[in-house]
Structure formats: C-alpha cells, structure tokens
Amino acid sequence: MSEFQFNTSINDRSAEIIEKKVIPNADKLNIEIHRLNNGATVLDMGINAKGGWLAGKYFTEIGLGGLGELSFTKMKIGRYFMPALKISVDLPTIAEMSSHVAFWRVPWQGKNVNISGPIRSIKRPDIFSQAVSYQDKWAKKIVAEIQTTEMPDEAFTSHLAEQAGYSPKDLYVIVARTGTLVGAIQVGARNVEQTLPTLFDHGLKMDWIVQANGITPMVSVVDDELIAYGRVNDSLIYGQESNVYVNCEDEDIISILDRIPFYKNKDVFGIPFQDLFARSDNDWTKVSRDWDAPCKVNLFNIKTGHSFSTGRLSHEVLEKSFLG
Amino acid sequence: MMQSISVKNFKPVASIKNGNIVDIGVNAPGGWSAGKELIYLFMNGMGYVNFGEMALEGFALPTVDTYFDNPAEVCLASMLNEKKIGEHTMIGPDTWGEDNFCYFETLEVKPDLSQKTDQTIIVASPLSLVSAIYNSALVVPLAVKKLVNMGVNLEQIEWAWGSSPLATLSELPDLVAMRKEAALCYGGVVSIWLRVEDKLLQDIVNKWEGLGEIRLHNLPTAKTYVGGKLDLKKLSEKIL
C-alpha cells in the first residue's frame, strides 16, 4: 500500500463533481452560485440558500476530494430511528488528511478561517496534510470548503487563492452554516475525518492505514448556530463509529486504544457538547484537543487478523439532542 | 429510466399511438432497482431513496427510506398527484422535466392505455415489488398531506425523511392491501423539519394517529414534537 502512487488531482476530481453534478442542478439542490468579480465561484449550500439532503451529500463528497461516498441510512438511537450518514472512503489518508480535515487556519481580519477540502493538498499548510506524502501537483482548479455564517467576498477569495498559488478564477469555495441540513450532514459526516487525526495524534502512522468507513446518526437540525454546533458535535463524540483497517503490529494498536475515544474524558463524558463549548468560551481554539475525539473506533489489523474496539455511544445524550 | 430498461427488468410495451407504456411489474418482473428508479422519477432530482432494514420478530425486514429536499413539490404535486387518463386515475406530476409520466397500478397491460395521452405510462401490478416499494415510499407524502390538513402550510416545510417497512409480498390481493396499510400505519416513521408555532405542533402530535410515528422538528425553536407510535406487535401480526 505504501508503495502505491496516486498521481491524480483531488482538486480536479472535486471540481468535476461541482461542474457536472452540482452547478447544472443548482435549482433542484436549493443552492446558489455566485461568480465574484475576481473570477472566483462561491457555492452557497446553506447560508442564504436552503440546501438539502443531496447538497449535503455533494458538500461531503467534494470535501473528500472525490475519493469517497456519502450514503444515507438509518440508526436506532434509544427509542428512535434516525437518519444516519454513512461514509465510505477510498484512499482514506489522502481523502481525509490531505483534503477533508478542517484544519487549515487562514488568518483573516483578526480571525482564523478554518478551511477544509482538497485545496489543503496544494501547499500542505497544516500538520495533518503534512502527515501524508500526497501533494496535488496536477490541479487545474482548486476547491475549498468553509463552515461559516458569512459569504466569502472577493478580498477573501483572492487572498485564499493567493495562499494556494492560484488565480481566484480557478477557485471554488463551498459554504454552509452549521444550522442547516447541509451543515448537519457535512459535519456529521466527519466521522473518519475525526478519527484519523486522533490516531495520528497518538502516534499511529498514516502509512499503516489501509481502508476506512464510518457512520454517524443525524440527531438534529436547528436554525440556532450555537445549538446546532453543540448537537452536530454530540453526534460525533457520542454517536459516530469508524472502522479503520490497518497493517501494523497489534501492540501499536493496543498501546493507544484507551487514548482514542471521547469516552477517555470520563470527567465530562455525558455532558452535551454545547455545555463543553460554553466552558471553552464558545471558541473552538480553546476546546481541549482531547474533546475533539471520536465516539467509537474499531481497528481491524490485516496483518494479524485481530480486531479491536474502543469507545461507546451515549444514547442518552443523543436522544436528548434529538428531542431538544 | 428509459435508458435502463434492459438491465432493470423493465418491459417496454409497444405503443399503438402517442405515448409509451413501460411495464415494471405486471408481465415484467420489475424489482428493487425498478422500484427505486420509479421513486427517483417522482422526486425529479429533489431527494434520495435507499433500502434499509427493520428488526422484527427475528426477521430483518426491508424498509424503504426516503429523503426529501423539497417536500412541498414532490409529495403532493408528484407522488400523490392524481391525473385522469381516459377512464383511469393515474399518479404523477402534472408537468416537469423531460420525463412526463404517470404511474398506474393494474393487473393487466392494455396497449390502448397509451392512446389517451402522449405521456409515458409506467405500469405495475398492485401485487408487485415495485408497488410495495411505492407504497412504503408514500409514508412521507401521506404525512405531509396529513399535516396540511391539520393546519400546516406547505411553505413551512423545509425537508423530510421517512422509513417504512415493505409490505410482505403475496399473490392474494386482499392480504397485500391489508399489509400495505399495516406497514405504514404500524411501521412508518417520519421526520419533518419545519417552521411552525410550537403550539400547533403540540396539537398535531397530540392528535396524530393512523400513520406510525411522526417527529416534527421546529427549526426556529430547536424543539422536537413526537406523535403516534410504532406498534411492532401489530405490525408483526399483520405483515408476517
């Protein structure tokens, strides 16, 4: 696996989804296309636009650099069946670490704008994109995604394109608020996206990862950004389950198993994320890195045939999030 | 759909005049893909459909799970919209896109059906798998219709999700009809995201009956109202 060379542009794969599946169907998807004067294209999937299930699916698949699929399914949480988000990722370290992970913090007007998407694979500007050897050297277009309440303007998109070394006319930016259906889907779909950086943090080599998939219940969609933010994160820390297929020694897994899931935070386990976020002054940069941890991770070692599982779901918190 | 005929057990029936007839469950067997394709045709790019499971008395029963982006357009104006073609009442959108069609459940295909219209008529037996899939996919449209009757405006509804077990197939018409109703009534579950006064939603869930479990998610107030219930005991009695 480590000798496999993937010499294809994930930015262009994402741009192909945008150009063939999204833009031609903008009306049916309830999204808005804005072509800015600097040539950049902004796709509003959930700021002023309503969005929907399919827009959320495309938001996610674009964010994966075209290397994965989001399908909808359902889970039973407590007494209730809920829609759920199933992610199947090809080349998981490239799809997630080089693209999907929302960790490129671009300083802008006194704040950091968190960028995800394949644009991160151009300059590899953060620790997670640097954790894999893939670099997109072939991109004709560049694609960024932002979870935000503000529409990006010409100044910002020009700045972003410049950071990547491209013209803004080659740039697509996809945006949605958290408090929309697209927001709930695209954040909830960050199950494997949450798991791989956690494994990396604890020393699991990305070269060892072979395949991955994940599922997350979609517990809530609400207008209020703070409530929405809390509930979508509840779905991840109390509801997501990732399967990761690795090729390493069992000891490499066993030694980190207890440190992976959110359940390790026994002092706060069971507290809704909205409350944890409030304890962090509602500022993501102040949230403990240990709190951004997957709910449950299953590791399957293809070298030994042994399987490992860590973490647990909290149906109580999820049911509370669901009912409001 | 028309491009998929050869691989999805559809059977085109030669048209005598005007429109075409496509058989997906009368003489042709039809199947899962045909049923899914039919629902996608009704949705016209504004939704998603998938098959799932429901555990019931040790059986992993298939369910039809549907996701609606524009329930107002798809539910009443397409999946429940009745059109008179000759002496028959058929189902389908009045007009949209290139696929102007209607869906008709019948036990036999009469080629002269198409003489009365230039639309494509998609036919399936009420005893077919396609018909059972269509029936289960109606759980959301029927809930939306019920909500409208209870005072909700269509414009207040943003998105919807539903799941209903598939009525177990049989060659006995009365049994099939009873099972279809039971699947929706005792096994259907629907979530609707909308913008309505909390009080109205509370009133609705208090009165909800006859269509499984409804969950009304009020986007502005972040509250969920649950009405009706799944009755797995009655469901197993009726459909197993």
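1. Conventions. Residues are numbered from 1 along each chain as its sequence is written, with chains lettered from A and ligands numbered from 1 in the order in which they are written. In this predicted model, local features need pLDDT of at least 70, side-chain atom pairs count only at pLDDT 80 or more, and totals for chains, interfaces and linings use all residues, while side-chain values use heavy atoms, with hydrogens and water left out.

2. Sheet in chain A. Four strands form an open sheet with mixed pairing, in the order S1-S2-S8-S7 (chain A). Strands are DSSP runs (E, at least two residues; helices H or I, at least four), numbered from the N terminus, and two strands pair if DSSP finds at least two bridges between them. Strand S1 (32-35) and strand S7 (142-147) of chain A are the edges, each pairing on one side only. On average, neighbouring strands are turned by 20° against each other, direction ignored.

3. The S1-S2 pair. S1(A) and strand S2 (residues 41-46) of chain A run antiparallel and are joined by four bridges. Glu32(A) is opposite Asp44(A) of S2(A).

4. Helix on the sheet. Helix H3 (residues 53-63) of chain A lies across S2, S7 and strand S8 (171-176) of chain A, at about 125° to S7(A). Axes are lines fitted to C-alpha atoms, for helices over the stretch in contact (heavy atoms within 4.5 Å), and angles run from 0 to 180 degrees between N-to-C directions.

5. Confidence. The scores are ipTM 0.95 and pTM 0.95. Chain B has a mean pLDDT (the predictor's confidence in each residue, from 0 to 100) of 91, and 90% of its residues reach 70 or more. Residues 2-7 of chain B stay under 50, with six contacts beyond four places in sequence. Residues 14-18 of chain B also stay under 50 in pLDDT, with 13 such contacts.
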